[in-house]
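Student: I am new to this structure. Could you take me through how to read its features?

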Amino acid sequence: MASGVELTVPVYRIKGRGTGPSVYIQANIHGAEVQGNAVIYQLLELLQKQTLLGDITLVPYANPVGCNHKNGEYTLGRFDPITGVNWNRMYHFNDELAKQFVEQYPDTDVDTIRSEFRRWMLDDIDEQLDHNIFGLTTGRRIAYQLQRMALQADLVLDLHTGPISSKHLYCPEYAKNSASYFNIPHTILIPNDFAGALDEATFCPWWDLTQAYQAIGRKLDFNKESFTVELGSQELIDLDEALVDAKSILGYLQAKGAIAANGFAPDAMVRYGCMLKDYKVFYSPMGGMVDYLAEFGEPLPAGQPLARILRMDNYSEADSDPLHYLTLDQTVIPILHFASASVNQGTELYKLFSNYFEL
Ligand code: ZN
């Protein structure tokens with residue numbers, strides 16, 4: 001802080017037997033997205049009764065600046081107020097690393113590759129944190145310190161929420177099968193493109209490495225996975241729902257061998273997937289007061305209204321209706337919508353699955 005006082009982040013580490021993959025889970029990098037903290041609380045409670053095969057690190061309140069960024073009765077904390085940059089777009093990625101590594105270690109065994117490449121990534125981050133003579137922004141320093149912990153794990157979960165939202169998951173395309181271990185019905189499959197988020201920062205290097213080895217004829221699987229888990233709506237804590245989500249995460253960790261089998265199984269449900277390029281933002285065509293109509297998670301047939309916008313300025317005009325129904329000419333699945341009923345033209349009104357498929 002400007003006073004010189006240090007801001008801190010709580011870190012819970014639980015030691016496992018060392019026979020399973022290690023896990024890193026963080027929550028609340030975006031200030032208003034608080035439900036992940038409740039899920040981490042429930043995970044800590046549940047983990048006391050589990051046999052951990054891998055180490056687990058849990059970091060609630062990951063962003064001490066964002067958590068305290070309030071305006072009136074609302075929490076902001078999606079963007080660094082000083083730079084305007086999204087807090088989840090400041091992680092580090094070195095797109096040269098995998099290629100350089102494979103040139104140096106073309107024939108090494110997979111276990112050595114796993115540990116050495118991790119060391120390379122950590123050295124790369126340390127270089128940014130400690131040997132950057134020109135310094136770092138506040139946001140990058142927070143992000144890199146979190147990333148330093150995340151990079152040491154095999155499985156990474158970054159807990160978020162939408163504004164007003166259903167549960168959904170961002171999943172790397174290659175880990176598609178793992179999406180069904182979570183009790184989350186909607187999954188966005190993301191390509192190997194780094195855009196600054198923690199999930200990408202932790203899986204893109206390994207995906208790059210897999211491809212760089214493939215290019216020299218070696219087919220390797222490093223068993224690294226990373227997800228952004230969207231737990232519902234912002235500004236809400238629901239401890240009962242957090243318990244449901246914590247069990248869902250344990251189902252995933254059990255399936256990956258990070259905890260011993262203890263009856264955690266994913267529910268049977270229809271799961272829908274959608275490629276990131278088909279995960280569409282619907283921008284409001286006009287300003288006005290929005291009555292959100294479409295249900296989350298269910299296919300909305302073409303022509304059915306997503307929302308209606310009340311425009312009182314149209315009320316007294318001849319041939320004009322104050323209610324404007326917003327529809328699309330294709331079937332979509334609404335996933336989340338804007339938090340306020342008052343919008344401008346161009347406000348991000350809904351996010352929707354188009355061209356979706358069953359997982
Ligand atoms: Zn978020």
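Predicted model: local features only at pLDDT ≥ 70, side-chain atom pairs only at ≥ 80, totals over all residues.

Student: Which domains does the protein have?

Tutor: Domain bounds come from an automatic or database domain assignment. Here the assignment gives domain 1 (12-269) and domain 2 (278-358). Their centres, taken over C-alpha atoms, are 32 Å apart.

Student: How many residues of domain 1 are in contact with domain 2?

Tutor: Contact means heavy atoms within 4.5 Å. By that rule, 12 residues of domain 1 are in contact with 12 residues of domain 2. A second way to describe the interface is buried area, the accessible area (1.4 Å probe) that two parts lose on being put together, summed over both. For these two domains it is about 940 Å², with 73% of it on carbon and sulfur atoms.

Student: How do I read a sheet?

Tutor: Strands of a sheet pair through backbone hydrogen bonds, either parallel or antiparallel. Strands (E, at least two residues) and helices (H or I, at least four) are DSSP runs, numbered from the N terminus. Two strands pair if DSSP finds at least two bridges between them.

Student: Which way do β2 and its partners run?

Tutor: Strand β2 (residues 23-27) runs parallel to strand β3 (residues 56-59), and four bridges join them. β2 also pairs with β6 in the parallel sense, over five bridges. Valine 23 shows both pairings: it stands opposite isoleucine 56 in β3, and its bridge partner in β6 is leucine 155.

Student: Is strand β6 mostly covered or mostly open?

Tutor: Buried means under 20% relative accessible area, exposed over 50%, and partly exposed in between (1.4 Å probe, protein chains only). Strand β6 (residues 155-162) is mostly covered, with eight of its eight residues buried. In a regular strand the side chains alternate between the two faces of the sheet. In β6, Leu155, Leu157, Leu159 and Thr161 point one way, Val156, Asp158, His160 and Gly162 point the other way, and all are buried. β6 also pairs with β10 in the parallel sense over seven bridges, where aspartate 158 stands opposite threonine 228.

Student: Why is β9 described as largely enclosed?

Tutor: Five of the five residues of β9 (residues 186-190) are buried, so the strand is largely enclosed by the rest of the structure. His186, Ile188 and Ile190 cover one side, and Thr187 and Leu189 the other. Four bridges join β9 to strand β8 (residues 168-172), and the two run parallel; proline 172 stands opposite isoleucine 190. β9 pairs in the parallel sense with strand β11 (residues 272-275) as well, over four bridges, and there histidine 186 has tyrosine 272 as its bridge partner.

Student: What order do the strands of the four-stranded sheet have?

Tutor: That open sheet has the order β15-β14-β13-β17, with antiparallel pairing. Its edge strands are β15 (323-327) and β17 (342-343), each of which pairs on one side only. Strand β14 (residues 305-310) and β15 share five bridges, and proline 305 has threonine 327 as its bridge partner in β15.

Student: Which protein atoms are the donors of the zinc ion?

Tutor: Donors are N, O and S atoms within 2.8 Å of the metal (3.2 Å for Na, K and Ca); water is not among the atoms, so sites may look incomplete. The protein donors here are His30 (ND1), Glu33 (OE), Glu33 (OE) and His160 (ND1), lying 2.1 to 2.6 Å from the zinc ion. Along the chain they follow the spacing H-x2-E-x126-H. Histidine 30 and glutamate 33 are both buried.

Key
Residues numbered from 1 in each chain as written. Heavy atoms only, no water.
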